[in-house]
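These are my notebook entries on one structure. I set down what I looked up, in the order in which I looked.

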Amino acid sequence: MAQQQPPLHFPDRPADLEEDFERDLHTEHQVLNMGPSHPATHGTVKFLIELDGENIVNLDIQVGYLHRGFEKECESGTWYQAIPYTDRLNYNSAILANIGYVMAVEKLLGIETTERCQWLRVMSGEISRIADHLTRCGAACLELAAMTPFLYGIEARELSWDMLEMLCGARVTSNYIRIGGVKHDMPRDFPATAKDFIARIRQLLVDFDDVITSNRIFVDRLKDTGVISKEECLKHAVTGPILRSAGVPFDVRKANPYLVYDQIDFDVPIGEVGDNYDRYLVCAEEMQQSLRIVEQCLAHLEKIGPGPVNLDDPRVRWPAKGKVFNRMEELIQQFKSVTEGPRVPAGEGYFAIESANGELGFYLVSDGSAVPVKVRCRPPSFINLAPMGEMLKGALLADLIPTFDFINMIGGECDR
Amino acid sequence: MEDFGSAALKRLIDDIPGAVTESHAYLGDVTAIVAVEKLGDVMLHLRDELDFEMLMDVTAVDYLGREPRFEVVYHLYSMANNQRIRIKVGLADPGSGAMPEIASVTDLYPSANWMEREVFDMYGIRFEGHPDLRRILLYDEFEGHPLRKDYPKERRQPLVGPRN
């Protein structure tokens, strides 16, 4: 017969076992490298995440992987040569960056383009905005493992890029806007095609909405994640859909109307709490508003009929070919325009537009020559990304993905 | 003057004597050139008294061959009054490889954090009191500050291996 063991005795053990368990469980913070190339982030960025279990303690965001020296390149070319570089800032909505830069140059030159051109610019810019928001929402779905809505979104984005291709010959890097005008007027069959495409985009947005907006998984992943308050937004100069989702109705198109936005009827949607779900809803509604704007532009362009799309100003636009081939002065002017482009009066100017991500500003300094002294782009992606570390303090690691998606950091614009 | 922003500029000139050395409203952009030692006072006044809640942009310009050589440019926006103002601070080049210095406004406007890091990265301007002044767009081993006008565009940088 085995001898009975005496009960084990732990002299240090306190009475409450659970408390003891808590005290004994010793964990260390873990540092996780995410990126610079990670399948769940669109954009090249590296996160250095300090984790306590699954919770983020510290987040260091390292940007710059796509730095191409935008400002340095602009400062070494003529005023015209910077326009293709602006295409490559936010490559989802290249035309908006074109418009921002060109209008800043026009501000320094003191010129205003023709009416038809202004409506064309608004229309092409809004098509770009739709493409940008579709990328944001579609890619967010994909990175939350929802493939179907991503395909709806991407089909709609293809349609908007097809419209841009009809307008300017390129899908992504459009290079459509010129100082004092646009490259050329829209093709004759554009309005009819655009109407068909808009109807199809509307249908795709309905499908997108059906599978996503009240989808339990999607809502649970987005609700109350990545929250930023109104006050924090202002402190961090966050603009665009993120600011609007926090309940601030700030939109440069309404606050400082440029082009013909003051003649267009559209609404600025706002959210309530400033979480990712509100951001999604704001973007979804902004796409509807942009479609409304495009339709108004098409109607107005039809109403005003054909007209010049370029300013008749020899400083910025080339003379007509007939004159170039037959007259000496125009030939010289053509030569000067091609080799050095416009000379912008000395001075400085800041011009801001509402891009898809927020306030896109250009601060230009000229010394009166054909080469800019300074081309500063105020990149909304860069500035909106900065407070992400604070937005995610204490959050789960999994919340990083939707938050990053709805901040919509575009590497080209963030890193320039 | 009726054009926007100038009432704020007038108050700024009146309230902090000696801070604004020069001002203009070229093309409607209200601009105040501020003495470097008064920058903190001016920013505090703009934020708390004149309702400029947002520091939209911080950048610098290198006017090589002019005195002062650098200019740090701040763009502020007041949402309450829908006004913009530009604050510029001239910074002389101390020479002999030393960096020009200016007070950081990160404690007043947290948005300045990354933008000041970018200016430091690109122009080699040191922001005193910045909590985390590191390079941001370029890597630590990068030599020089590429947006300075005396940095040649074609200059090659040494290759660095992976860092862990």
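**An aromatic pair in chain B**

I began with Phe142(B), which counts as buried because its relative accessibility is 11%; buried means under 20% relative accessible area, exposed over 50%, and partly exposed in between, with a 1.4 Å probe and protein chains only. The model is predicted, so local features need pLDDT of at least 70 and side-chain atom pairs count only at pLDDT 80 or more, while totals for chains, interfaces and linings use all residues. Residues are numbered from 1 along each chain as its sequence is written, chains are lettered from A and ligands numbered from 1 in the order in which they are written, and side-chain values use heavy atoms, with hydrogens and water left out.

I then looked up Tyr139(B), which is partly exposed at 30% relative accessibility. The ring centres of Tyr139(B) and Phe142(B) are 5.7 Å apart and the planes stand at 75 degrees, so I recorded the pair as edge-to-face. Rings of Phe, Tyr and Trp (its six-membered ring) pair if their centres lie within 6.5 Å; planes under 30 degrees apart are stacked, over 60 edge-to-face, and the rest tilted.

**Aromatic pairs in chain A**

Helices (H or I, at least four residues) and strands (E, at least two) are DSSP runs, numbered from the N terminus. Tyr101(A) is buried, at 0% relative accessibility, and Phe362(A) is likewise buried at 0%.

I also recorded one aromatic cluster, formed by Phe208(A), Phe218(A), Tyr277(A), Tyr280(A) and Phe406(A).

**Two helices of chain A**

I next examined helix H12 (residues 276-304) of chain A and H17(A), whose axes come within 10 Å and cross at roughly 30 degrees. Axes are lines fitted to C-alpha atoms, for helices over the stretch in contact, and angles run from 0 to 180 degrees between N-to-C directions. Asn276(A), Arg279(A) and Tyr280(A) of H12(A) make the contact with Pro402(A), Thr403(A) and Phe406(A) of H17(A); contact means heavy atoms within 4.5 Å.

**The sheet**

Which strand order does the open sheet of chain A have? I found E1-E2-E3, three strands with antiparallel pairing, where two strands pair if DSSP finds at least two bridges between them. Strand E1 (30-34) and strand E3 (55-62) of chain A are the edge strands, each pairing on one side only. The twist averages 20 degrees from one strand to the next. Helix H17 (residues 400-407) of chain A packs on the sheet and touches E1, E2 and E3 of chain A, its direction making about 145 degrees with that of E2(A). Five bridges join E1(A) to strand E2 (residues 46-52) of chain A, and Val31(A) stands opposite Glu50(A) in E2(A).

**Chain A as a whole**

Of its 416 residues, 58% are buried.
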